[in-house]
Each structure stands twice: as C-alpha cells, then as structure tokens.
Amino acid sequence: MSIYLQDIPLPQAQSRLREALNDSGLWGVLGSETIPLDENALGRVTAEPVWARRSSPHYHSAAMDGFAVQAISTNGALPSKPVLLTIGAEVHYVDTGDPLPEWANAVIPIENVESLNAQGEIVTDIRNPTFIRIRGAIPPWSHVRSLGEDIVATQLVLPSGHSLRPADLGAVAAAGIQEIHVARKPRVAILPTGSELVPLGSKPRRGEIPEFNSLVLAAQIRSMGGEPVRFPIIKDDLDAISRQVQNAANEFDLILLNAGSSAGAEDFSARVVERLGSLLVHGVAVRPGHPVILGLIRRETKEGKPDLPGCIPIIGVPGYPVSAALTVEIFVEPLLAVWLGRPPLERQTETAIIARKIVSPAGDDDYVRVVLGRVDGRLLAAPLSRGAGVLTSLVQADGLALIPRGIQGHEAGEEITVHLMRSRQEIDKTILAIGSHDMSLDLLAQFLARRGRRLVSANVGSQGGLIALRRREAHLAGSHLLDPLTGEYNLQAVREYLPELPVRVVALTGRAQGLLVLKGNPKKIYGLEDLIRPEVAYINRQRGAGTRVLLDFHLKKQGISSDDILGYTQEEYTHLGVAAAVASGRADCGLGIAAAAQALELEFVPLYQERYDLVVPKVDAEGDLLQPVFSILEDADFRNSVSKLTGYDTSVMGRIILED
C-alpha cells in the first residue's frame with residue numbers, strides 16, 4: 001500500500017530510507033578503485049589513509065641561489081670586519097633546489113656576498129669567483145630546506161574520506177605516490193518520464209514541455225561526486241517505465257525517476273516501485289518537494305556478478321524543477337556522502353532579517369528561497385517566488401531559509417537563519433533594488449557585473465519600493481508614480497512616503513506605455529474605451545504599481561469605471577508577466593511598455609509617455625557600493641543599449657530630479 005501525502009516528517013522519511021539501506025548492506029562506502037595520480041583525481045574521495053613513501057625534500061636542499069658553507073666559517077664576520085672564504089675548499093655555489101654538499105649546513109644568499117677574483121677584485125661573473133667576501137655571520141641551516149621539512153616518510157599525508165583538492169594532489173605526488181586508492185563513484189541513472197516532454201533543441205508545441213530537469217539533476221550529481229547517466233524520455237506508460245527502471249536497477253547504484261510521483265491518472269512512479277520492489281515512502285512533509293517517493297528496486301540476478309547487492313534505492317523526484325533540485329539536495333547528497341565516505345556538504349549560514357512576511361504551512365519543513373543584501377549594516381533577506389516551477393528563483397537565490405514544521409511563518413523584521421548559496425563576498429557587493437519593474441534594470445545589472453557589483457531586483461511596484469526604502473530594506477527603488485494633480489512623476493510620492501529620509505531622485509529613462517495585444521490586434525483594441533467591451537479580457541498590474549496608478553488616472557479622466565472592465569482584478573507583477581498573459585491567451589490586452597510587447601512578439605498600441613526614476617537614499621547615493629550605478633548612467637555604451645529597447649528615450653538619463 002502506498003504511503004502518500006500523509007505529512008510524513010522529513011526526519012522520519014530519511015530514517016526509513018537509511019534503515020532500509022542499512023538492512024540491505026548499502027549504508028556505507030560502495031567500493032573503491034585505484035586510479036593514476038593526475039589532474040583527473042581532483043575531487044575524488046580517498047578510500048584509505050595516504051601514507052608518505054618518501055620524505056619531501058628527500059635531501060638537504062638550497063632554499064635560495066647562493067653559496068653553501070659551514071655556518072661556523074662565517075663566525076666573526078661584520079660589516080666593518082668582513083671574512084674572506086675560498087671557493088672549493090669551504091664554499092660551493094648552489095642554485096635553489098640543489099643538494100647541499102655533505103659538509104655544508106647553510107647557504108649565504110648570492111645578494112649577500114661580494115664575488116672576488118684571485119687579485120681580490122670584484123668580478124661580474126658573480127657565480128664563479130675565486131673568493132667570496134661576507135659581512136655578516138649566519139646560523140646553521142639558514143636558507144636550507146632540510147630533509148623532511150615538508151613531509152617525512154611514513155607520516156600521514158591525507159586521511160580516508162578526504163575530497164582531493166589541487167594542493168592535495170601535489171602533496172601526494174611529493175610523498176612518492178603515483179596511484180591513489182579512492183572511493184568508487186556512485187553511478188546514478190536519471191529517468192525523465194512524461195508524454196508531454198520533448199528533448200532539448202526541439203521546438204515545443206502547445207502542451208509540450210522541454211525536458212531539462214535531467215540536465216539539472218545530472219549536474220547536481222556530478223558536483224556531489226557521482227557519475228550521472230541521463231536516459232531518454234519515457235512516455236507515460238506503466239510497462240515502458242517499469243522496463244527502463246528494471247534495466248537501470250541492474251546496472252546502476254541509484255535511480256532518480258523524475259516526474260510521475262503525484263497521484264494523477266498518469267503518475268506511475270509509485271506503482272512502478274511497488275511492482276519492482278518495495279515502496280518505503282510516498283509523500284514527505286517538505287515544501288517544495290511534497291510528493292517524493294523513496295523505495296528499493298530488486299536487481300535481476302546476473303551471471304558473473306554474484307557480489308552485486310540484491311536491490312538498489314530509487315527516489316521518485318517531483319516534476320516541478322525547484323522541487324526536483326531540492327529533493328536531490330535533501331535526499332541524494334547525504335546518500336552520496338555515505339557511499340563516498342566523505343562528510344555531507346554543509347552550507348555556511350548567516351542570520352538575516354526577513355524583509356517581508358512569510359506564511360508557511362504549519363505541517364511542513366518549508367525551504368524558502370531568498371536574496372540577501374546589507375543595508376545600514378543589517379543583512380536583509382527578501383523572499384523570492386515560492387512556486388515549485390519557478391526555477392529562476394534558485395538561479396537568483398542567495399540562500400535557503402528553512403522554516404521548520406510547526407511554525408507558520410515569520411513576520412517582517414524577525415531574524416531567520418539562511419543557508420548560503422553564494423559567498424559572503426558576493427553578498428556584500430549586492431545592490432538591493434525593490435520597486436517597479438523595468439527592462440533597463442536588467443541591462444543595468446549586466447553593466448554592474450562588469451564593475452564588481454550585483455544588482456538584485458524584487459518587483460513589488462513603485463509604492464512598494466518607496467515603502468521598502470522607508471523601512472531601510474533596499475538600496476534603491478525604481479518608481480514611475482504619476483501625481484494626477486501636477487502631472488509630475490515621483491516627487492509627490494517621495495514627499496508622502498519618505499518625509500524624513502533624504503534621497504536623490506535620478507532619471508533612468510523615458511518610456512512609452514500602451515496596450516499590449518496579439519499580432520494583428522484581432523479584437524481591434526485601440527484605447528481604454530475598448531476595455532469595457534464585454535468580449536475584451538484585461539490583465540492588470542498589482543496595486544501600488546506605477547502602471548496601475550497611470551491606468552486609474554486615465555480611467556478617471558475618461559470617466560470609465562473599473563467595475564466595467566473584465567479582468568481588472570487579475571494582476572501581474574511585471575511588464576513581462578502582462579505580456580506573457582496576453583501571448584498565452586489568458587487576456588486580450590494589458591497596459592505595459594513597448595519593450596515587453598517586442599520581447600514576446602506582441603503588437604503595441606502606444607498611449608502615454610512617462611519617466612522612470614531611481615529613488616536612492618542619500619546615505620546610499622554617497623556610499624561606495626552604489627557609485628558604479630551613477631557612473632554607468634553616464635556610460636555611452638549603456639545609453640546605447642537602453643535606447644535599443646523599443647519605446648525608450650535616454651535623453652533624460654542621469655538627470656538629477658531631486659537632491660535633498
């Protein structure tokens with residue numbers, strides 16, 4: 001009987017898998033092999049301790065170019081009372097790394113001697129003199145690498161379970177070792193399933209999905225030390241999936257069966273596991289990744305391979321990309337660590353202040369993707385999209401915040417622990433931009449990357465951005481809030497929302513706003529008056545967005561009630577989101593920028609021109625972190641790049657609109 005979606009806690013699910021593998025003799029290092037010591041050994045895990053076979057260096061060697069001497073022969077040498085030593089009998093020239101003569105126990109660096117000929121004159125061939133004159137004594141073993149200075153024969157060079165780094169390879173080689181005993185790489189079969197999937201490189205039709213999960217999973221497995229093999233797409237057929245799973249079980253150490261782990265009519269993964277082995281878990285109280293499957297698959301007996309285990313583990317990985325990636329991190333990485341004999345990977349952690357309220361299901365361990373930035377010396381965490389299908393949230397994420405089961409979220413301002421996915425250095429150079437979305441910000445991010453900065457944007461609308469600045473939760477906000485009384489952009493809103501915060505308002509660009517419609521404008525939508533037609537479905541921006549304010553201003557001006565607009569309450573958070581809604585047929589039109597229409601091959605009906613500004617607190621505008629932003633606004637290449645966006649006017653770029 002399947003155990004499905006019964007809120008099995010994560011530790012309990014991990015324990016079931018561990019116990020089953022232990023009972024099957026699979027909770028330990030899978031095996032080992034001997035490999036040549038070369039650059040291909042990088043990242044492999046030692047299967048046994050590495051002991052030095054020889055010392056390094058294995059003789060007393062010169063640490064500098066100079067003259068080998070007995071230290072006692074330099075006694076008494078002073079700047080005012082130099083000592084003369086004869087080449088051959090008591091002095092021998094050596095280059096760095098040369099063995100010392102057996103009688104020598106020190107080296108005088110060549111720059112500390114005067115090379116003389118037989119007549120006592122200084123010579124130009126300083127390495128081949130008759131005498132040397134020194135003006136200072138040296139102690140024994142000066143400038144000498146003694147035998148075993150680095151490694152002594154028989155000493156431990158590396159323990160077992162150690163992941164080999166570049167310096168480790170050099171140390172092992174210096175210890176006289178040419179081959180190294182390492183843990184065998186676990187072989188992992190990745191089986192994508194789904195009749196809707198098509199291979200990468202093909203042009204998907206409506207209802208078809210490019211299959212890229214296996215690419216992500218394979219890269220994860222390789223980074224964890226495994227050896228992944230991606231299988232061809234398997235259509236939704238119980239027998240076909242069963243055959244491939246059995247074939248994989250006979251040849252591999254672990255199977256990742258991707259998709260089909262839920263409870264739909266064509267979700268066959270659990271049935272396959274029950275048919276071919278034993279189902280341990282179907283559903284774990286973790287988000288994203290709820291419908292995880294854990295089980296064992298029986299191996300078919302093979303002649304000549306009597307030592308193979310009788311079964312192998314299988315993990316049913318959810319089809320949503322974020323769920324799939326996190327499932328591998330939660331379940332597969334610890335398993336590969338055991339099989340390789342290394343410690344499990346542990347991310348560094350930081351304590352951060354959550355910028356916006358997070359609501360979490362009380363019964364699940366909830367992994368929240370966040371971006372991080374330091375504002376006023378505080379490390380802030382801004383939650384990203386929670387959707388299990390939003391893979392870009394993992395691309396953008398600086399870390400994962402785990403909200404344990406039993407906690408229903410966090411209020412803004414509370415502290416959370418974040419497991420870092422980027423270095424602290426990257427985070428310290430991150431500029432947090434919260435506010436209105438504009439495509440020029442994406443270009444700005446590219447130019448900032450060349451100047452050692454990283455721009456992270458959270459699209460919450462112009463008003464939301466100003467509120468974030470007031471709370472000191474961002475370094476800057478994009479805004480295009482129209483004042484209906486004056487026709488001016490942003491100034492009144494800045495005075496209203498930031499009365500006590502000195503700011504600099506600088507123009508980024510002028511841009512056209514208009515209606516985004518399908519090519520050919522099949523419903524003949526040319527103005528706001530067309531939005532009240534019953535057959536026209538509209539897609540709106542969220543409350544507080546400058547585009548929403550612009551729409552409401554002109555609706556009021558034209559005497560049009562929002563209650564008469566079909567879809568007025570349907571919201572998107574970006575211009576590209578509006579464009580996608582129109583392109584997909586969810587809506588017939590939406591107000592947005594021309595560049596968004598161009599990006600998704602829509603038609604653009606121009607209506608208004610507006611100015612898009614950056615609002616920056618004075619303290620940040622004068623700090624080092626944001627200086628590249630203002631220099632880029634004067635950069636001709638950046639201006640040219642923005643001007644190529646349809647409907648953009650860069651003549652206002654860089655103009656100071658307000659300076660408190």
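Trainee: Is Asp613 buried or exposed, and what is its relative accessible area?

Mentor: Asp613 is buried, since its relative accessible area is 0%. Buried means under 20% relative accessible area, exposed over 50%, and partly exposed in between, using a 1.4 Å probe and protein chains only. Before we go on: this is a predicted model, where local features need pLDDT of at least 70, side-chain atom pairs count only at pLDDT 80 or more, and totals for chains, interfaces and linings use all residues. Residues are numbered from 1 along each chain as its sequence is written, and side-chain values use heavy atoms, with hydrogens and water left out.

Trainee: Where is Asp613 found, and what does Asp613 touch?

Mentor: Asp613 belongs to strand S37 (residues 603–617). Helices (H or I, at least four residues) and strands (E, at least two) are DSSP runs, numbered from the N terminus. Contact means heavy atoms within 4.5 Å. Leaving out residues up to four places away in sequence, Asp613 touches several residues, including Tyr489, Asn490 and Ile657. The Asp613 side chain also has a polar contact of 2.8 Å with that of Arg611. Such a contact is a pair of N or O atoms within 3.5 Å; within protein, one must be able to donate a hydrogen and the other to accept it, and residues adjacent in sequence count only if both atoms are side-chain atoms.

Trainee: How do I read strand pairing, and which strands pair with S26?

Mentor: Two strands pair if DSSP finds at least two bridges between them. Strand S25 (residues 365–375) is antiparallel to S26, with six bridges, and Val375 stands opposite Arg378 of S26. Strand S23 (residues 349–354) runs parallel to S26 and is joined to it by two bridges; here Ile353 has Leu380 as its bridge partner. The hairpin of S25 and S26 has two residues between the strands, and Asp376 takes a positive phi near 55 degrees there. As for cover, five of the six residues in S26 (residues 378–383) are buried.

Trainee: How many aromatic pairs does the structure hold?

Mentor: A pair of aromatic rings is described by the distance of the centres and the angle of the planes. Rings of Phe, Tyr and Trp (its six-membered ring) pair if their centres lie within 6.5 Å; planes under 30 degrees apart count as stacked, over 60 as edge-to-face and the rest as tilted. The structure holds three such pairs. One of them is Phe67 with Tyr93, edge-to-face at 5.4 Å centre to centre and 70 degrees between the planes. Phe67 lies in strand S5 (residues 66–69) and Tyr93 in strand S7 (residues 92–94), so this pair ties together parts 26 residues apart in sequence. Both Phe67 and Tyr93 are buried.

Trainee: And how do I read a helix like H3: which of its residues are buried?

Mentor: An α-helix has 3.6 residues a turn, so residues three or four places apart point the same way. In H3 (residues 213–223), the buried residues are Asn213, Ser214, Leu217, Ala218, Gln220 and Ile221. These cover an arc of only 160 degrees around the axis (taken from the directions from the helix axis to the C-beta atoms), which puts them on the same side of H3. Exposed Arg222 and Ser223 are on the face turned away from that buried side. The cover over the buried residues includes strand S14 (187–192) and helix H6 (321–340). Just after H3, Gly225 takes a positive phi of about 100 degrees.
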